[in-house]
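Colleague: Hi! Could you walk me through this one while I have it open on my screen?

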Amino acid sequence: MKVPYLDLKAQYEPIRGEIAEAIQQVLDKTAFAGGPFVAQFEKEFAAFCGTQFATGVGSGTDALWVAMLGLGIGPGDEVITVPDTFIATAEAISWCGAKPVFVDVDPATYNMDPGKLEAAVTKKTKAVIPVHLFGQMADMDPIMEIARKRKLLVIEDASQAHGAEYKGKKAGSIGDAGCFSFYPGKNLGAYGEAGAVITNNEELDKKMRMLRDHGQAKKYYHSLVGWNARMDGIQGAILSVKLRHLPGWTEGRRRNSALYGQLLKGVKGVTIPAEAAYGKHVYHIYAIRVPNRDRLIAALAEKDIHCGIHYPIPVHLLDAYKSLGHRNGAFPIAEKAASEFVSLPMFPELTTDQIRFVAEGLSQIVAV
């Protein structure tokens, strides 16, 4: 039995007709860059997330960058985040001219440890970016409490957490802004690059709309130095279609994760994901931990079971951030987890037989 890590075609086939119709409407209206289909998706996505506004942009990286620029983050500022994330979180901070500052993660959720946050705050700290890693939200109440006390902005990196919840509130809706990626493999994925920022701050929304469109609110009247970070009309139309299916796909992921948990619980040497009591995990990634992951991944591949790694090197140890001066041991929990993560196949259309095959093969390999 072949088990792919991800099967986007399995998701596409049942909605092929809806997608074709949506794309044809964009073609008929020739609304390719921004336009009514992006505006419609923005309205729908804001409603889904429980916020007043959503601004569609060209990627998740654009979302982080535009949100920070809109909130006035720039040279001389420090922004606190976690090392256990994709580099885009730190890149966006850097491209604002600010400095990324890291704190270690919680050993159960792999999200920002609120207990370590306040010690990292300095006079230069302007904002905090908690990353909702793998589809589970960070513990937002204590993070928000510290941020309010220290007068810091909070930008949620919800790029892997579409529809995740914290005490009934959707990912991205708690801080000053929430940033999403719609990269094709995400729980809500476009058919190319796209992203969005959600907020309840009307002035921020207006500013981000200008920043994504060369700093203009009216064509050729440029009030700001902006950039071209618009969402394509075709992606907006596709995302509107897929957003209708997202709740069902989320339940499929949660069903699959529950079966994985049932089959792998108690397997010696395997640490399965923990779902925090405060929220709803949407399992963008089902990351287990094992001591010898390279051996496991190679052995699973021989059985035609394909896995991934998210992320093998914490951001503070990447060559791109050598200038920050961090060494091994700086953030031991994030470093240990990064050396052990294995992302198992996870998508809504994964079958019970496939999950059982993965769990059986994995159990046999780690037992040797």
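This is a predicted model: local features need pLDDT of at least 70, side-chain atom pairs count only at pLDDT 80 or more; totals for chains, interfaces and linings use all residues.

Colleague: Good to know. What is the strand order in the open sheet of seven strands?

Modeller: The order is β1-β9-β8-β5-β4-β2-β3, and the pairing is mixed.

Colleague: And which strands stand at the edges there?

Modeller: Those are β1 (53–57) and β3 (99–102). Each has a single partner strand, so one side of each is left without a neighbour in the sheet. From one strand to the next, the twist averages 25 degrees.

Colleague: Let me zoom in on β4 and β5. How do they run, parallel or antiparallel?

Modeller: They run parallel: strand β4 (residues 125–128) is joined to strand β5 (residues 153–157) by two bridges.

Colleague: Found it. Which strands does helix α4 lie across?

Modeller: Helix α4 (residues 60–70) lies across β1, β2 (78–81), β5, β8 (177–181) and β9 (195–199). Its direction is at about 160 degrees to β8.

Colleague: What is Cys179 in contact with, leaving aside its neighbours within four places in sequence?

Modeller: The contacts include Ala63, Leu64 and Ala67, along with Ile155, Glu156, Asp157, Ala158 and Ser159. Ala196 and Val197 are in contact with Cys179 too.

Colleague: Nice. Back to α4: how does it cross helix α8?

Modeller: The axes of α4 and helix α8 (residues 202–211) come within 9 Å and cross at roughly 125 degrees. The two helices are therefore oblique to each other. The crossing of α4 past α8 is right-handed.

Colleague: Which residues make that contact?

Modeller: From α4 you have Val66, Ala67, Leu69 and Gly70, and from α8 Leu204, Lys207, Met208 and Leu211. Sorted by class, the contact of α4 with α8 has six nonpolar residues, one polar and one charged.

Colleague: What about α10 and α12, at what angle do they pack?

Modeller: Helix α10 (residues 293–302) and helix α12 (residues 352–367) pack at about 130 degrees, with their axes 10 Å apart. That makes α10 and α12 oblique to each other, and α10 passes α12 in a right-handed crossing.

Colleague: And which residues meet there?

Modeller: Arg295, Leu296, Ala299 and Leu300 in α10 meet Gly361, Leu362, Ile365 and Val366 in α12. By class, the contact of α10 with α12 has six nonpolar residues, one polar and one charged.

Colleague: One more helix. Which residues are buried in α5?

Modeller: In helix α5 (residues 88–95), the buried ones are Ala88, Thr89, Ala90, Ala92 and Ile93. They pack against α4, β2, β3 and β5. Just after α5, Gly97 has a positive phi of about 90 degrees.

Colleague: Which residues have a positive phi although they are not glycine?

Modeller: Thr30 is one of them, with a phi of about 45 degrees. You will find Thr30 in the loop between α2 (16–29) and α3 (36–49). Another is Tyr220, at about 75 degrees, in the loop between β10 (216–218) and β11 (221–222).

Colleague: Are those two buried or exposed?

Modeller: Exposed: Thr30 has 53% relative accessibility, and Tyr220 has a relative accessible area of 65%.

Colleague: Which peptide bond is cis?

Modeller: The one from His310 to Tyr311 is cis, with omega near 0 degrees. Tyr311 lies in the loop between α10 and α11 (332–338).

Colleague: Last topic. What order do the strands take in the open sheet of three?

Modeller: That sheet runs β7-β6-β12 with antiparallel pairing. Its edges are β7 (169–170) and β12 (279–280), each with a single partner strand, so one side of each is left without a neighbour in the sheet. Two bridges join strand β6 (residues 165–166) to β12, and Glu165 has Lys280 in β12 as its bridge partner.

Colleague: How far apart are Lys280 and my cysteine, Cys179?

Modeller: They are 101 residues apart in sequence and 18 Å apart in space, C-alpha to C-alpha.

Key. Residues are numbered from 1 along each chain as its sequence is written. Side-chain values use heavy atoms; hydrogens and water are left out. Axes are lines fitted to C-alpha atoms, for helices over the stretch in contact, and angles run from 0 to 180 degrees between N-to-C directions. Helices (H or I, at least four residues) and strands (E, at least two) are DSSP runs, numbered from the N terminus. Angles under 35 degrees count as roughly parallel, over 145 as roughly antiparallel, 65 to 115 as roughly perpendicular and the rest as oblique. A crossing is left-handed if the near helix is turned anticlockwise from the far one by less than a right angle, and right-handed if clockwise. Contact means heavy atoms within 4.5 Å. Ala, Val, Leu, Ile, Met, Phe, Trp, Tyr, Cys and Pro count as nonpolar, Asp, Glu, Lys and Arg as charged, and the others, Gly among them, as polar. Two strands pair if DSSP finds at least two bridges between them. Buried means under 20% relative accessible area, exposed over 50%, partly exposed in between (1.4 Å probe, protein chains only).
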